[in-house]
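Dear colleague,

Please find below the structure that I am handing over to you. My findings follow it.

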Amino acid sequence: MRNYRKDRAKDRAGKETERELHKQALALVDAVYERESQENLEALDGWRQQSSRHEQAVSTALLLRSTLEKLPSESSQPSESRRLKIGLWWMRTERLQAPVFASITVLVLVSGLIWSSNSSNPADPLVKESRNHITSPVVTQNYNSAYRKQAETLLPDGSKLWLSWSSEVEIEFSDTLRRVSLKRGSAGFSVVSDEDRPFVVQAGQVTTTVTGTEFVVQLRPAGFDARVSVGVIEGSVRVAEPSNQTVRLSADESVSIADGTFGEVRQQTTGEIGAWRDGLLIFRQRPLIDALRALEPYSSYRFDTTRLWDTERTVSGTFFIDQADGAMLSILEAQQLETQLVDTNTLILRHRPLSRP
């Protein structure tokens with residue numbers, strides 16, 4: 001009996017903490033909506049960085065406020081206590097996928113309409129007019145992963161983000177904008193559909209635009225082979241670069257862009273494109289240089305492939321990304337390549353000279 005009471009007390013305490021967190025998040029988000037000052041934005045940003053629970057509470061409050069903004073008038077807004085109850089239920093949902101988002105929207109709308117039907121005081125027209133001029137706040141956030149570490153998180157709209165080793169993105173989200181800047185490395189996205197808010201990923205000079213799909217973007221740093229690669233797991237994306245060249249990719253297709261020039265659109269299986277999220281690299285008749293490019297971010301070395309002349313060679317196999325150096329040695333031996341180490345960690349790769357009989 002004592003254990004039961006202790007468990008009940010602990011559960012009540014946890015719910016009170018959750019309620020207080022969400023109440024504070026709602027207050028901070030409301031302050032930003034009402035007055036988008038530097039002070040309010042800094043207060044919101046500082047509070048949300050305290051812990052993952054603070055971050056979740058702010059994301060929930062932003063989504064809830066965004067949904068409420070779409071209600072037809074001030075009179076249809078639910079009371080503060082109902083907003084809090086809706087938000088708490090939302091926070092306890094494990095995954096904010098599209099079906100859940102749709103259910104929440106219906107719940108908020110119904111709640112607002114019920115409250116409206118019981119209200120005898122219509123909204124002040126001046127309040128309505130002022131609301132039309134409120135600028136939606138832009139939420140910015142940085143996400144990164146360390147060497148030999150991957151990261152996975154939910155974005156403010158419920159979309160999912162995966163980061164490969166040593167990767168970094170910066171996001172800008174509002175009621176009208178979903179923009180992600182890939183600073184380095186590789187990122188995978190499973191995007192919640194929203195036709196009114198395209199999801200845009202900027203990697204170098206390359207822009208990838210979607211409304212709802214699953215895809216991967218890789219940014220290879222400046223050097224002998226600077227390029228951006230995009231692969232689609234589900235749905236379709238539009239890839240563009242500054243000279244207005246565009247390519248539309250569908251599921252199981254990928255493309256690389258170097259120096260403003262699109263390479264050939266290639267067919268790849270879903271497993272090949274997204275396998276790194278499970279700690280694997282899968283090659284199915286992958287051109288040798290492309291395989292080395294995919295392997296390099298997980299290796300201790302940088303590969304200089306400019307001296308490889310046989311572009312017809314291919315690689316097939318499954319490799320663990322945390323054993324990339326071993327995989328590299330296997331590929332070099334199978335492809336009969338030789339190496340020259342320069343600048344501490346750069347390998348110049350060459351084909352072995354043919355031996356004369």
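Helices (H or I, at least four residues) and strands (E, at least two) are DSSP runs, numbered from the N terminus. On that basis the protein chain has nine helices and 19 strands. The model is predicted, and local features need pLDDT of at least 70, side-chain atom pairs count only at pLDDT 80 or more, while totals for chains, interfaces and linings use all residues. Residues are numbered from 1 along each chain as its sequence is written, and side-chain values use heavy atoms, without hydrogens and water.

Of the 357 residues in the protein chain, 46% are buried (under 20% relative accessible area, with exposed meaning over 50% and partly exposed in between; 1.4 Å probe, protein chains only).

Helix α9 (residues 324-334) deserves a description. Its buried residues are A324, A327, M328, I331 and L332. They lie on the same side of α9 because they cover an arc of only 135 degrees around the axis, taken from the directions from the helix axis to the C-beta atoms. The face turned away from that side carries the exposed residues L329, E333 and A334. Among the elements that cover the buried residues of α9 are β15 (280-287), α8 (288-295) and β17 (314-320), where contact means heavy atoms within 4.5 Å. Just after α9, Q336 has a positive phi of about 55 degrees.
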